Structure formats: C-alpha cells, structure tokens
Amino acid sequence: MIDTEFRESLDPPKQNTGLRAAFLAFEADGRLDLALPGSGYTDLRWQSLAALSRHNTVLGRWSEAHTDAIAILHELDGPTPERGQIWGVWAAEPPAPILEAVQQDSGWVLTGTKPWCSGASLCTHALVTARVDGSPRLFAVDLRHEGVAPVPNTWHAVGMSESDSGSVAFDAVPAVTVGGPTDYLTRPGFWHGAIGVSAAWFGSACAVADTLHAAVRERPDPHRAAHLGAIAAALGAASSALTTAAAEVDADPFDRSGRARTRARIVRAVVEDTATQCIDRVGRALGAGPLCGDAEHAGRVADLTVYLRQSHAERDLEALGRDIAEEDNPW
C-alpha cells in the first residue's frame, strides 16, 4: 500500500530540526501537494498519507488535515491556498464550548472557543465550523488575526502530545463562508476525506508492526511469528480495502451510486480494527520491553492509540449497520 519511493523522500532536511520544521519543509517543497480525491490518483494520495504517518503519526495527522483542507477548498470553490500557508480543519461540534458566527456589515465574524484544533499554534489558516442560528456552517479563517489565540493547558494527552490539538479562542475574527450552509457535510468529498484519515491510521499501524517484524527477523520464535503472521494478514486486508476504495472513488468521484458513506464507514472500520490488532499483538508478542525501553515505539503506540479515537467506535458501527440494513444485497 505504501509507496517506497515516497517513504524514502521523508527524511527531514538536515538544516532543520524538530517535527514542525520538517512539516513546514514538506509543505514548502511541495511534498504535501497531493492528488485530489477522485482525480484518478486517489490510491497514490492515500499511499502518501500512509507514508507520512508511518514516518511519524503526528506528521501524518497534520498532513491529512492540511491536504483535506486543500481538497475541501477546491470542491466548494473556497479561497485558493498559497504556498507557505498551513491549513487545519477544525470541525468538531461538541455541546460545549461553542463558536458562533455573526454576519455584520463588514462581513462574517467568529466569536467563542473551538475545541480539538489540531495544529492550534502551527496553522496559519483553518476551515472552521461555527454556529449560525444553531447550525454549523463552514468558514475559512486567517489565524494570524489578533483575535485568534490558542488556549493554554487544553491538551493533556500523552499520545499525540506534539499535535498541538487544544482549544482556540476567537474574538470577532473575520471569516469567509465556504460553500452553502450544509455543503461541508453533504458533499461526496466528506466521505472520501474520511477514508484519508484511515490511510493515516494504516501507515502508523505499519510502523507499530515494524517493531515486531524486526524482532522476529533478529530472533525467530513461534509465538512472535504467529502474531506477526496475524498482523500481516490484517494489514494485507486493510491495504486491499484502501486500494479497492480508491479505485471506486476514482470511478465515481461525485457519488452518483450513493455508496460513498457506506464505503467510508466500512474502510474505516477495517483499518481501525487492524490498527488495534497491531497495537495489541505487538504488545503480546514482545511484552513490555519495547514500550519501556524503546522511546520511538512507545511514542508511536501512544500516538496511534489516541489518533484512533477520532473514530467513534461502536457508534460508527451502529451507523454502518443501519446503512447496510437498508440495502437489499450489501455483500
């Protein structure tokens, strides 16, 4: 699933240090200029996201959000992104806190607090949902405005600790509508983008599995080999699900078949289960050793564990089951 040549291009430039510097360098030299979903190269897009996440889970998370924002802006005729801009997609809608949009004579302004903002102090721009008469609508925002401020101490997770995903406060910040009032959720690309997230999960799961693969090569053991075999089967199934879904998206980018939502939910469920298996089986095969003595592996497991919770678990499975129940021949 993961393109080897792309993976080998991910080493950060030697003159820069740190995850943020690497990410900014990737954007600057065009390595985040991915093919749009449904363009005929969706498989390559998802391979690239998987490779980025295999390199580093937080890097993959930021890249998935930035490239998803670029796709959304294209689909909904939003502002044209420029080189050097880093985009986020901040669309979580919990009951509280609330971000509200008000239309004034000078245009729309946003006021309130937005939670779950990945790259809160990294992004220069974001696509943000804000409430208009109680319903969320999508806006493009320049985060360099003086009324934008990340809220300290709102992200306490050990996993994805570098993702900078806390809350952001807005105080009368100018914003531009993107699409119509309901277009963000009703466009076919919403579900294509949802699969992009699972491609990033897949890449990070491969990196977790790499630890067991190396251990079995170094010291063959029936117990370890059995777990590695199970992981290989699961990753193979997930890779096939992503590749098949990519071909289906390219064949029907505007979802005339009406299958985009079901397809996305199936692929996400398959990849989530595979990633969960990787975490569990590598731990069972190798014990606490890598989790306690290998900082990179321990961080990867912690990051992926948190990242997977972007899934809604059984709630998503229930929604998938309801969709499947409406179909006459789902298999």
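Q: Hi! What volume does the second largest pocket have?
A: The second largest pocket has a volume of about 250 Å³. A pocket is an open set of points on a 1 Å grid over the protein atoms alone where a 1.4 Å probe fits, with protein on both sides within 12 Å along at least five of seven lines. Its volume is the space filled by probe spheres set on those points, which are joined across faces, edges and corners. This is a predicted model, where local features need pLDDT of at least 70 and side-chain atom pairs pLDDT 80 or more, while totals for chains, interfaces and linings use all residues. Residues are numbered from 1 along each chain as its sequence is written, and side-chain values use heavy atoms, leaving out hydrogens and water.

Q: Which residues line the second largest pocket?
A: The lining residues (an atom within 4 Å of a point) are L36, P37, G38, A71, H74, E75, R187, P188, G189, H192, P253 and F254.

Q: And which elements give two or more residues to that lining?
A: Helix 4 and helix 6 do. Helix 4 gives the most, with 3 residues. Helices (H or I, at least four residues) and strands (E, at least two) are DSSP runs, numbered from the N terminus.

Q: How does the lining of the second largest pocket divide by class?
A: There are 6 nonpolar, 4 polar and 2 charged residues in the lining of the second largest pocket. Gly counts as polar here.

Q: OK, what about the volume of the largest pocket?
A: The largest pocket has a volume of about 1400 Å³. Its lining has 48 residues, and A91, A92, R268, Q310 and H312 are the closest to its centre.

Q: Which elements give two or more residues to the lining of the largest pocket?
A: Among them are helix 4 (57–75), strand 1 (87–90), strand 5 (135–142), helix 6 (189–218) and helix 8 (260–286). Helix 10 (295–307) and helix 11 (314–325) also belong to that group.

Q: Which helix gives the most to the lining of the largest pocket?
A: That's helix 6, with 6 residues. By class, the lining of the largest pocket has 27 nonpolar, 10 polar and 11 charged residues.

Q: Changing topic: in which sense do strand 2 and strand 3 pair?
A: Strand 2 (residues 99–104) and strand 3 (residues 107–114) are antiparallel, with 6 bridges. Pairing needs at least two bridges found by DSSP.

Q: What joins strand 2 to strand 3?
A: A hairpin, running through 2 residues.

Q: And which residue of strand 3 stands opposite E100?
A: T111 stands opposite E100.
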